[in-house]
Each structure stands twice: as C-alpha cells, then as structure tokens.
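Please open the model in your viewer and keep the selection panel at hand. The stops below say what to select next and what is to be found there.

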Amino acid sequence: MSLNMDKLMYKLKEQIIERLHLKDLKPENIGDDQPLFVEGIGLDSIDALELIVLLQQEYNIKLSNAEDGPRVFHSVRTIADYITANSGALKVTT
Amino acid sequence: MSSHTFVAGMGIVSAIGNGLLANLQSLSNEKAGIGKMKFLQSIHSGELPVGEVKFSNGELAAISGLSSQLPRTALLSSIAAYEALLDAGWDKSFSQRTGFISANTVGGMDKTENFFKLFSKNSAAGKLADVVNHECGAVTELVAGQLGIRHFVSTVSTACSSSANAIFTGARMIRAGMIDYALVGGADALTRFTLNGFNTLMILDKELCKPFDENRHGLNLGEGAAYLLLVSENGLNQLGKKPYALVSGYANANDAFHQTASSPEGTGSYLAMKNALDNAGIQPGEIDYINLHGTGTQNNDIAEGTAIQLLFDQSFPKMSSTKAYTGHTLGASGAVEAVYSILAIQQGIIFPNLRLQTPMKEFPFKPVSGFLRNQKIKSVMSNSFGFGGNCTSLIFSAA
Amino acid sequence: MQPVPNISAYCLISPNKIFLDGQIIFEHPGSAGIFLDKTYDHLDFPYPKFYKMDNLCKLGFLAVEILLKGRSHEKKYSDSETGLVLSNSHASLDVDLKYSKTIHSGASPALFVYTLPNIVIGEISIRHHFKGENAFFVFKHFDGNFMAEYVSGLIENKLIKSCICGWVDILKEDYRAILFLVETGGGENKLPFNADNLNKLNESEHG
C-alpha cells in the first residue's frame, strides 16, 4: 500500500474523530480495517449521514445514494478506497 | 374520572384544502395535495415535492385577520383554531373555563430565516421584529391572544407526536375537572430549516411518497394546522350540540432506542397502541380503522407495521396513511389525522393509502387502496410517533 | 386511600453551580459548554455519546444523572414505570441558531436531530431505558401548579409510579435546570409533591 494511502487514512481518522466528537479516541485507536459501525467503533445512522457531509465538504465527493453507505463506510480503508476511486474519476472527467 | 370527553368542533387547513368540507372533498376524490413548491423559496424547489397549503402569507393573513408579517405557522394555527371554535358554537363567555393547548415544532422559524439572510450579510440589517416570535410558545400566545383565551395556555413540543399529545393533555385536563373546554391541536409551516434538515437525514422522497409500500423511498414534508374543541359533559350541554365523537383512549410511551430512528421491533409504538386500548377499555378486535403514522420512510413503516402485527395478531383492522394526501405535517400531523379519524367515524368512510402498488412483503396485512363508503365504524386508532422516541396512540369512538 | 407522592430528591443546575437537595455539590468556571463537559468528567462514568449531544440535552442528561446517582432507581421500577415531564421557555432555540449557521456551508444532520426540545427526553430514556409516558411543554415561566396537577394525575391513574419532572432551559450562556424526582415513598429528605413545594424550591436561590 502506498504512503499516500496511509496518509489519507490517518487524515480521515483525525477528521472522523473531530467531526463525530469521538473525544475518547485517538487516530491510533482506530484500526484501518476495523468496522466503524455497531460492534466496531460503535457509530450509528446519524454518524453515517455526518460522514456523507464530511466527504462532500472535505473531498468534494457526493454520495447521493444512502444505500451505498454501509459498503463505503465499513472501515477507514473502504472510505479511503472510495475517495481515491472517485477523485480519480473526477480528474478524468474534468 | 368516568366523565366523558367529547369532540364538539373541528377545524383544519392542509395541502388538500382550507376547512373541513374542502378536506373531506379532496379525501373522497382521492386528490393528493403534494407537488412542486410554490410558496417556499428553496434551492430544492425543483427536486423535492411538498404538501403546501395553497395560499400565500398575504392570503392566509387576510383569511385569519392577522398581520402577514407574522410567522406562517401562526397564520395557519389561527385559521384552523377559529374554525374549530366556530364549528362548535363556542362563545367568548366560556373563556374562563377554556384551555388552549397547541403544538408546533418550528415556531417562527420562517421569519427567523429571513432575518438571518439579511443579518449574515450585514449585522446592522434584518428586522428584529422577525425574530421575536421565533419560539414555539410565541406562536401559541399570538393565537391565544387573538381568540381571547387566557385562562390556560400551553405549547407542546414533542416532534411529530406533538399535536396528538396536545389532544390528550386537553382530554386529561377535562377528565380531571380542571376545565370544561379544551382547544387542542397543532400547526407547522414548511420552512427551509426543516426541509434542509430532513434532506440531510436522507429520508425525503424525490417522488410522491408511498407509505407502507415495498418500494417506498421516504417522506414528503407538508404543512398545515388542525384543532379539536374537546368538551366535558357540562360543556356539551352548554353548547347544545351533537358531538362528533368521544375521546375514548390515549397513551404515550418512549421507544428509548435512538434520537431519531424507531427500534426495529417498534417497542414504543407497541406500548402506545396497547396502553391506549387498555385506557379505552377495549380489545384490539374492536378497532375498525387505524390511521397509520405511515410516513413512508423505511424505518417508520417497518417499526409501526411490526408493532401492529404483534398487537393485532390475525384480526387486522382496515388501515391507511393519509400522509400520502397531505405530506408529513410534523407538529400538526397528530391533529390533522385526528380530524380525519373522526370524519371516518362520523361519515362512515375510510380513506385510501394513495399510490399503494406493492404492499410490504414483511406483513400479512395491507393498507386500504380505494376510498370506502358505508362503513360501520365505531372506534378508530390514530398513531403519531416522533423523534426523541415519543410515541402516542389516540382512540376516538362514536359518541 | 392512595399513597401520596413525594419529592425524594431535586437537582438545580444554574451557571457554574450544581446543587442537590439544596446543597452545593459542584462548581466550575467557564462557558456553558465547558461547564457541562467538566460536570460530565466530574461524574466519572463512561458514556461517549455525551459529547455528541447539544447543550440542552447535556444539561437535562446531567441533572438526571445526578438525581439518580446511587439510588438504584432502575432496580426499583420497571422500564415503563418512570415518566418524564419536562418544560422550558426556549424550546430548542439554542441549537436551532447553531444549526441555522451551518445550513449554507453544508448542513449538519447530527446537529439537526437536536433541533427539537424533546430529544433531551429521548437521550435520558435511552440512557436509563425509560419507556413510560413522556411530555415536553413550553411555558413562559416554570408552572408548578400545572406540573403538580399533571404528574399527580399520571401517578393517581397508575400510568407511572415515579416521575422526573421540572424545567430544563438554555439559550447560549443563560441556562437553568431544576428537576424533581417524584415517587410514592421516598427517602429521608422527602417533601410532599405539590405546587407550593415546587414553586418554593424553584424560587429559592439554591434550588
């Protein structure tokens, strides 16, 4: 995995902690592949919506179908993959 | 304790009409009031259908006799509240024994939004008069002042169950002998605040909503106001009027699951419905029609349906969600649907769950899909479930 | 003869001070936000969702936490036997204003869900598994008469056996919560639950 990917995942962890007020957590406490919802970090449906806003504001990526949420937001890595895939596509089309 | 609480008057303004008659007509013509935004200014106007009341603020002001500068919620509230009093033949001389319990969730948000628009560009701009009526309570006070009711005035704000709670609070005060007349219900106008908020929750359908349909995609927001004049036996004699119905049972419970989502088993909904039946002293089989909360969201309809399946077992009453006509009128919805429930009893009619194509596969029952006449309806249950886990069921019965 | 309900405890939170049964139990300088977070730290129990709440929820949530601490309330009553009847004058205005500011820069759903005053009842119910009757009223001022009448009615009609009722209000730096734990029986400090006592306690400086 590239250095960029690691950097992106670390940045994401910081953003998630800040945005979702996870004051008891540090980026190091969130595993790259740890499930973010329910039994993992314990996020809920409102957190998922907040993550959608985060992607839009910080990465200019629009997740218009809420049903894609569980797949995209499974872990920090799946979010990072989604960002990489979609910002790449964005560059090609613009 | 055993004394009854009667419904002696009703008033309503919604996306399907101003007044009881206009609403009844649209209901029987199966004519929904949801469509493209005309009065609300929003960047989503082309994309999100809403159930608007088909009058501008100026027109509402002219009907209500209030200033067009007041919050739209207050204008709607005044129109429906006045109709209920007029319908019952209530007289100002009764005001000492009258309470006004009104619900709303947005207050004067529409005016506050206008203020902020100007204020955010220039902190010296914006009319302060636009924010003085922001609080939910201010809307109630404005209308109470206009109607001349000062003895007991309160605002209930428990999200989408607000006006259902206002109704039973009034019924309870009458049962306790505190008052003889209770003008109860609620109002809410569409605002960008609520529209944007629900949009970020991703529960707004971009098409017309389809409650209890397998392919439902969310709710449409609506606006409106509705009120009942509840009276004691004493009050009824004084009015010399034949009552529409009895308020025969009610209950409220908390789902204790999530800030906005219902528990998958519908725990709160089940408790509210079951306790309302107990309160009315009747069996599930004695309910002839359920006016569903039925918002059209994945979450509500599955939770509500699951609770109904458990409670009514194999003898499912006829049921429908009239939100397919009006949209979800939030703080007004409990009262809007109480009016429809009482019309069902009085007229012997049942309203269709419009646009139902594929009933939800999870349940052995399905909502009514066509308008039904000549029905014998003794008791109707009306469900209202709100954010914050607040769940209420009301039961009205033929007087 | 019905047993008469009592106030078995009451908690007042006003700027930078907390009183339980009239005795000061905590104080800390700083803004409303800092004070509420410090109170949570002081109470020392893990509930990470606390940080997600708006200030109205934090205020009501903490007052209930203090009221029920060490009382084994949840063992004494079943889920449906405790009611919550709260009131205030500013509804959810505090967070409404904060939310309004986010609308143009990307509205926050997590903030929007708090723009209803009764969400504080939801948060308390989730924490303590309360499934009994609950209501939120908006009044100009605390109305002890209405509160006493309403809650007594719920208990007399056997809808609930205990109730947390009172006032929880916040607008920016101006905040006040006074909550009463009402039950039949009650502890050493019990007071009869009636309008006079509610109004008296509400008006007294230290709750």
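## First stop: a loop in chain A

Begin by selecting A:Asn60, which lies in the loop between α2 (45–59) and α3 (69–72) of chain A, where helices (H or I, at least four residues) and strands (E, at least two) are DSSP runs numbered from the N terminus. This is a predicted model, in which local features need pLDDT of at least 70 and side-chain atom pairs count only at pLDDT 80 or more, while totals for chains, interfaces and linings use all residues. Residues are numbered from 1 along each chain as its sequence is written, and chains are lettered from A and ligands numbered from 1 in the order in which they are written.

The phi of A:Asn60 is near 55°, a positive value in a residue other than glycine. Most residues other than glycine have a negative phi. A:Asn60 counts as exposed because it has 11 C-beta neighbours inside 10 Å; a residue is buried if 20 or more other C-beta atoms lie within 10 Å of its own, exposed if 12 or fewer, and partly exposed in between, with C-beta atoms placed from the backbone.

Now widen the selection to the whole of chain A, whose secondary structure comes to four helices and zero strands, in the order α-α-α-α from the N terminus on. The radius of gyration of chain A is 13 Å, close to the 12 Å that the globule rule gives for 94 residues, so chain A is as compact as a globular protein of that length; the radius is taken over C-alpha atoms, and the rule is 2.2 Å times the number of residues to the power 0.38. Along the principal axes, the C-alpha atoms of chain A fill a box of roughly 40 × 30 × 20 Å, and buried residues make up 27% of its 94 residues.

## Second stop: chain B as a whole

Select chain B next, which has 12 helices and 11 strands. Its C-alpha trace spans about 65 × 50 × 40 Å along its principal axes, and its radius of gyration of 20 Å agrees with the value near 21 Å that a compact globule of 399 residues would have. Buried residues make up 65% of the 399 residues in chain B. Of the contacts in chain B with a separation of 6 or more, 79% are accounted for by residues 24 or more positions apart, two residues being in contact if their C-beta atoms, placed from the backbone, lie within 7 Å.

Colour helix α6 (residues 162–175) and α12(B) separately; they pack at an angle of about 65°, with their axes 5 Å apart. That makes α6(B) roughly perpendicular to α12(B), a label given to angles of 65 to 115 degrees, with axes fitted to C-alpha atoms over the stretch in contact and angles running from 0 to 180 degrees between N-to-C directions.

Which residues of the two helices meet? B:Ser162, B:Ser163, B:Ala164 and B:Ile167 in α6(B) meet B:Ser333, B:Gly334, B:Ala335 and B:Ala338 in α12(B). By class, this contact has four nonpolar, four polar and no charged residues; Ala, Val, Leu, Ile, Met, Phe, Trp, Tyr, Cys and Pro count as nonpolar, Asp, Glu, Lys and Arg as charged, and the others, Gly among them, as polar.

In α6(B), 13 of the 14 residues are buried, so this helix is largely enclosed by the rest of the structure. Helix α12 (residues 333–347) of chain B is mostly covered too, with 13 of its 15 residues buried. Just after α6(B), B:Gly177 takes a positive phi of about 75°, and α12(B) is followed by B:Gly348, whose phi is positive, near 65°.

## Fourth stop: where the chains touch

Show chains B and C together: their contact takes 36 residues from chain B and 35 residues from chain C. On the side of chain B that touches chain C, α7(B) gives the most, with four residues. That side has, by class, 13 nonpolar, 21 polar and two charged residues.

## Last stop: two residues of chain C

Finish with C:Ser72, found in the loop between α2 (55–68) and α3 (73–76) of chain C, where its phi is near 45°, a positive value in a residue other than glycine. C:Ser72 is exposed, with 8 other C-beta atoms within 10 Å. C:Leu97, in helix α4 (residues 93–102) of chain C, counts as partly exposed, with 16 C-beta neighbours inside 10 Å.

Key
Parallel < 35°, antiparallel > 145°, perpendicular 65-115°, else oblique.
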